[in-house]
Amino acid sequence: MANGGDQTNLREQAYASFTRHLLARYLKPGQFVSQRGMQLAHIAISLIREAFQCRLFMEREAVALFTVSASDDELARLRREHEDMLAQALAQTPTPEMEARAQTIDWAMH
């Protein structure tokens, strides 16, 4: 029986292989991918709208739940991080390090 590390490694290998094939355009929209149980979607404006609408519903509910459970200190910290990052971005030309920090701050909200 494989241990958890082996399973993670196999999962990472499968994901890397899928990504490589997708970016090389070996996989086409509408194609079924065997042994992975997924179908590549045809990208259309309606699909993008539906994805954003679904995300809006989930994030609106997540924010409502978070505001009930978050402490005042946590909310103040989040606001301070965002305002500091904004002030830095407005004060100078963004650098890759600033972009990485901004992305980290954003990801922490999700």
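Visitor: Why does R25 count as exposed?

Guide: In this predicted model, whose local features need pLDDT of at least 70 and whose side-chain atom pairs count only at pLDDT 80 or more, totals for chains, interfaces and linings use all residues. Residues are numbered from 1 along each chain as its sequence is written, and side-chain values use heavy atoms, with hydrogens and water left out. A residue is called buried under 20% relative accessible area, exposed over 50% and partly exposed in between, using a 1.4 Å probe and the protein chains only. R25 has a relative accessibility of 62%, so R25 counts as exposed.

Visitor: Where does R25 lie, and what is its phi?

Guide: R25 sits in the loop between α1 (4–23) and β1 (32–33), where helices are DSSP runs of H or I with at least four residues, strands are runs of E with at least two, and both are numbered from the N terminus. Although R25 is not a glycine, its phi is positive, at about 65°.

Visitor: How do you know whether D6 and E59 are buried, exposed or in between?

Guide: D6, which belongs to helix α1, has 40% relative accessibility and therefore counts as partly exposed. E59 is placed in helix α2, and because its relative accessibility is 31%, E59 is partly exposed too.

Visitor: Why is L40 called buried, and which residues does it touch?

Guide: The relative accessible area of L40 is 12%, and therefore L40 is buried. L40 is found in the loop between β2 (38–39) and α2. Contact means heavy atoms within 4.5 Å, and, leaving aside residues up to four places away in sequence, L40 touches F18, L22, L27, K28, P29, G30, Q31 and V33. The C-alpha atoms of L40 and E97 are separated by 34 Å, and these two residues are 57 apart along the chain.

Visitor: How does the radius of gyration of the chain stand against that of a compact globule?

Guide: The radius of gyration is taken over C-alpha atoms, and the globule rule is 2.2 Å times the number of residues to the power 0.38. For 110 residues a compact globule would have a value near 13 Å, but the chain has 20 Å. The C-alpha trace spans about 50 × 40 × 35 Å along its principal axes, and buried residues make up 9% of the chain.

Visitor: What makes up the secondary structure of the chain?

Guide: There are four helices and two strands, and from the N terminus on the elements run α-β-β-α-α-α.

Visitor: What makes a space a pocket, and which residues line the largest pocket?

Guide: On a 1 Å grid over the protein atoms alone, a pocket is an open set of points with protein on both sides within 12 Å along at least five of seven lines, whereas a cavity is a set where a 1.4 Å probe fits but cannot get out; lining residues have an atom within 4 Å of a point. The largest pocket is lined by E59, A62, V63, F66, T67, L75, L78, D106, A108, M109 and H110. Two or more of these residues come from each of α2 (45–69), α3 (72–91) and α4 (96–108), and α2 gives the largest share, five residues.

Visitor: How much space lies in the largest pocket?

Guide: About 300 Å³ lies there, where grid points are joined across faces, edges and corners, and a volume is the space filled by probe spheres set on the points.
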